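Biologist: Could we go through this model together? I would like to begin with the backbone and then turn to the ligand.
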Amino acid sequence: MSSVTLRVADSIDELNLTAAESLTRRAHMAVEARGGCVIALSGGSTPRSLYSLLAQPPYAARLAWRKLYFFWGDERCVPPDHADSNYHMARESLLAHVPIPSSNIFRVATEAGAPDAVARSYEATLRSFFGSPAGAVPEFDLILLGMGPDGHTASIFPDSPALAETGRLVAPAYAEHLKSHRVTFTLPLINQARCVMFLVAGADKAAALAAVLAGDLSYPAARVKPSQGDLCWLVGRSARSP
Ligand code: 6PG
């Protein structure tokens, strides 16, 4: 890993502003260096307010939307207009409000069939976009992640098959506690990113976060260790309580 940083924010507003500034800075660097910035969005509830912030001044004007490309680090196997869809959440809070070409948005085609077929289809989309030769792992400029109270991240849950996946970039997953079929980036893809940014808030995550930061690998989020990239933890004060 290039660097590991931990920022503790006293409020959700501060957390989002810190994340928005960092994302904007990294996007500018990527566009300067490679002509574009490829971002994987996270789902759940925490990032919604960050996405809304990015859709407003000053960020809406500071980001080169035509040079940003959006994927999802995981998705629920529901239609794109379903309330549980991570794509739906990002579209409603951000993508519908900024001048980004629809061709720059790569949602998971959850209508492609069973979760395994959906995962294979999304992996093919990824590989086609990056032009990656077989066996190579694409390098995202930024992967946003959240973390659940059980230490899951994306849809890599404790003791799940996706946790041990080393060949596939995208795998099917099942959230037992939610009875929810999903697809998820796997650790090889996540750990190839130039930057992985965790956004974690809520006292219900404090115990898992402490264990993850202590390196307890029984928690999937502890296995996020970018091989070359930066690892940034942006954490709300209540999630970092001792
Ligand atoms: C999802 C997310 C998942 C999420 C965590 C935290 O699809 O649910 O990708 O990994 O980031 O469960 O969710 P909250 O932000 O709602 O606490």
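**Backbone and ligand site**

Modeller: Pro-58 is located in the loop that runs between helix H2 (48-54) and helix H3 (59-62). Please keep in mind that this is a predicted model.

Biologist: What kind of peptide bond joins Pro-57 and Pro-58?

Modeller: The bond between Pro-57 and Pro-58 is cis, with omega at about 0°. Most peptide bonds are trans.

Biologist: And where is Ala-154 found?

Modeller: Ala-154 belongs to the loop between S5 and helix H6 (161-164). Its phi is near 50°, a positive value in a residue other than glycine. Most residues other than glycine have a negative phi.

Biologist: Turning to the ligand, how many residues surround it, and which are the closest?

Modeller: The ligand is surrounded by 15 residues, and the closest are Ser-45, Thr-46, Asp-74, Ala-154 and Lys-205.

Biologist: Which side chains have an N or O atom facing a ligand oxygen, and at what distance?

Modeller: For Thr-46, a side-chain N or O atom is 2.6 Å from an oxygen atom of the ligand. For Arg-76, the corresponding distance to a ligand oxygen is 2.8 Å. Ser-45 also places a polar side-chain atom 2.6 Å from an oxygen atom of the ligand.

Biologist: How much of the ligand's accessible area does the protein cover?

Modeller: On its own the ligand has 420 Å² of accessible area, and the protein covers 87% of that.

Biologist: Which pocket is the space taken by the ligand?

Modeller: The ligand takes the space of the largest pocket, whose volume is about 400 Å³. That pocket is lined by 27 residues, and Gly-43, Gly-44, Met-147, Gly-148 and His-152 are the closest to its centre.

Notes
Residues are numbered from 1 along each chain as its sequence is written. This is a predicted model: local features need pLDDT of at least 70, side-chain atom pairs count only at pLDDT 80 or more; totals for chains, interfaces and linings use all residues. Side-chain values use heavy atoms; hydrogens and water are left out. On a 1 Å grid over the protein atoms alone, a cavity is a set of points where a 1.4 Å probe fits but cannot get out, and a pocket is an open set with protein on both sides within 12 Å along at least five of seven lines; lining residues have an atom within 4 Å of a point. Grid points are joined across faces, edges and corners, and a volume is the space filled by probe spheres set on the points. A residue is near a molecule or strand if one of its heavy atoms lies within 4 Å of it. A polar contact is a pair of N or O atoms within 3.5 Å; within protein, one must be able to donate a hydrogen and the other to accept it, and residues adjacent in sequence count only if both atoms are side-chain atoms. Accessible areas come from the Shrake-Rupley method with a 1.4 Å probe; for residues, only the protein chains shown count as cover. A molecule sits in a cavity or pocket if more than half of its atoms lie within 2 Å of its grid points. Helices (H or I, at least four residues) and strands (E, at least two) are DSSP runs, numbered from the N terminus.
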